[in-house]
Amino acid sequence: LCWALARDTVTGEILMAGNDPPWTTKFGREFVGSWIRRYDANGRLDTTFGRDGIFWEWKYSTPARRGGTYPKRIKVLPDRSLIVSSYYETRDSKSDHSTIFKVTPDGKLDTSFGGGGFDVHGFINAVELQSDGKVLVGGWRYAPKNKYPAMLMRLLPDGELDPTWIGNDPMAYAPFGGNVDSIFVENGFARVWNFFRRYETKWRNGAWDGKSIIRSRFARIVL
C-alpha cells in the first residue's frame, strides 16, 4: 500500500512511500516493513536510490506487539535528501510511536539526524520545513490517563529538539490542545490548524446526556 507521495520541484522526481505485509523468517521471527521508492520525472524507478531503487525500514515484531509501520509524510530537501515521518502501530497500542528520520540522496538512513531518527510516543500529522533547515512537526502525544495533548515541536537541522521553541517548551502542548493537523510556512510565519474534541454532558429528562463536540482553529506563529 502507498501512504505518502512527494515531488521534487527542482528535478521532477517523484517519491512514493508505503508498506508491505508482515514478513516471517525461516526461524519464525516476524518483521514489518515500509519502503520508499524514487522515480525520475518520466516515471522510471531510480535504481541508484537505496537498494535497487528502494529504501527499506524494518522493525522487529512479536506476537504480543504485532502491528505495522506506516510512512506518513515525505519532505524533499534542496540536496535531494528526505525528511520522513513513519508511524509504528502495535496490537495493544501501548507501544505505538512515530519517528522522524532522514534519508540521504542516495537512499540510506542518515544516522547524523537524531542518531538515526527522533522518536515520539504519539502520532505525527504534519511535517514542514523552514528555509534554515529546521523541521516543524505537528500531531498529538500519548499522556497519562488516556489524554492526548497536541504536539507542535521544532527540530534543529541535526534532528535534535530546538530548546528555544515557543517559550522554551520544546514540545509546546499548551497553546493548542487537541491535535495539530496542518502546518504551512510562509513569510517568516507558521500557520497552524488544529482541532480538538470536547465531551459535554447535560442533565436531561432525569439522566445525563453526553455528546462530543469538535472544534477547530487556526494560529499564526512567528518563526
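**Strands, salt bridges and a pocket in a predicted model**

An open sheet of 3 strands runs in the order β9-β10-β11, with antiparallel pairing. The model is predicted.

Q: Why are β9 and β11 said to stand at the edges of the sheet?
A: β9 (122-129) and β11 (150-155) each have a single partner strand, so one side of each is left without a neighbour in the sheet. The twist averages 20° from one strand to the next.

Q: What makes β10 and β11 a pair?
A: Two strands pair if at least two bridges lie between them. Strand β10 (residues 135-141) is joined to β11 by 6 bridges, and the two run antiparallel. The pair therefore meets the cut-off. Val137 stands opposite Met153 in β11.

Q: How many helices and strands does the protein chain have?
A: The protein chain has 0 helices and 14 strands.

Q: Why is strand β7 called largely enclosed?
A: Buried means under 20% relative accessible area. In strand β7 (residues 97-103), 7 of the 7 residues are buried, so the strand is largely enclosed by the rest of the structure. For the protein chain, 43% of the 223 residues count as buried.

Q: Which residues of β7 point one way, and which the other way?
A: His97, Thr99, Phe101 and Val103 point one way. Ser98, Ile100 and Lys102 point the other way, and all are buried. In a regular strand the side chains alternate between the two faces of the sheet.

Q: How do you know that β7 pairs with β6 and with β8?
A: At least two bridges are needed for a pair. β6 and β7 have 7 bridges, in the antiparallel sense. β7 and strand β8 (residues 118-120) have 3 bridges, also antiparallel. Both pairings therefore pass. Ile100 in β7 stands opposite Ser85, and the bridge partner of Ile100 in β8 is Phe118.

Q: What makes Arg80 and Glu13 a salt bridge?
A: The cut-off is a side-chain nitrogen of Lys or Arg within 4 Å of a carboxyl oxygen of Asp or Glu. The closest N and O atoms of Arg80 and Glu13 are 2.7 Å apart, so the pair qualifies. This pair links distant parts of the chain, 67 residues apart. Arg80 lies in the loop between β5 (68-76) and β6 (82-89), and Glu13 in the loop between β1 (2-7) and β2 (14-24).

Q: Why is Glu13 called buried but Arg80 partly exposed?
A: Buried means under 20%, exposed over 50%, and partly exposed in between. Glu13 has 10% relative accessibility, so it counts as buried. Arg80 has 29%, so it counts as partly exposed.

Q: Which residues line the second largest pocket?
A: The lining consists of Arg7, Asp8, Thr9, Val10, Thr11, Val76, Leu77, Pro78 and Arg80. By class, 4 are nonpolar, 2 polar and 3 charged. The volume of this pocket is about 150 Å³.

Notes: Residues numbered from 1 in each chain as written. Predicted model: local features only at pLDDT ≥ 70, side-chain atom pairs only at ≥ 80, totals over all residues. Heavy atoms only, no water. 1 Å grid on protein atoms, 1.4 Å probe; cavity = no way out; pocket = protein on both sides within 12 Å on 5 of 7 lines; lining within 4 Å. Points joined across faces, edges and corners; volume = space filled by probe spheres on them. Nonpolar A, V, L, I, M, F, W, Y, C, P; charged D, E, K, R; others polar. Helix = DSSP H or I, 4+ residues; strand = E, 2+ residues; numbered from the N terminus. Buried < 20%, exposed > 50% of the residue type's maximum accessible area, 1.4 Å probe, protein only. Axes fitted to C-alpha atoms, helices over the stretch in contact; angles between N-to-C directions.
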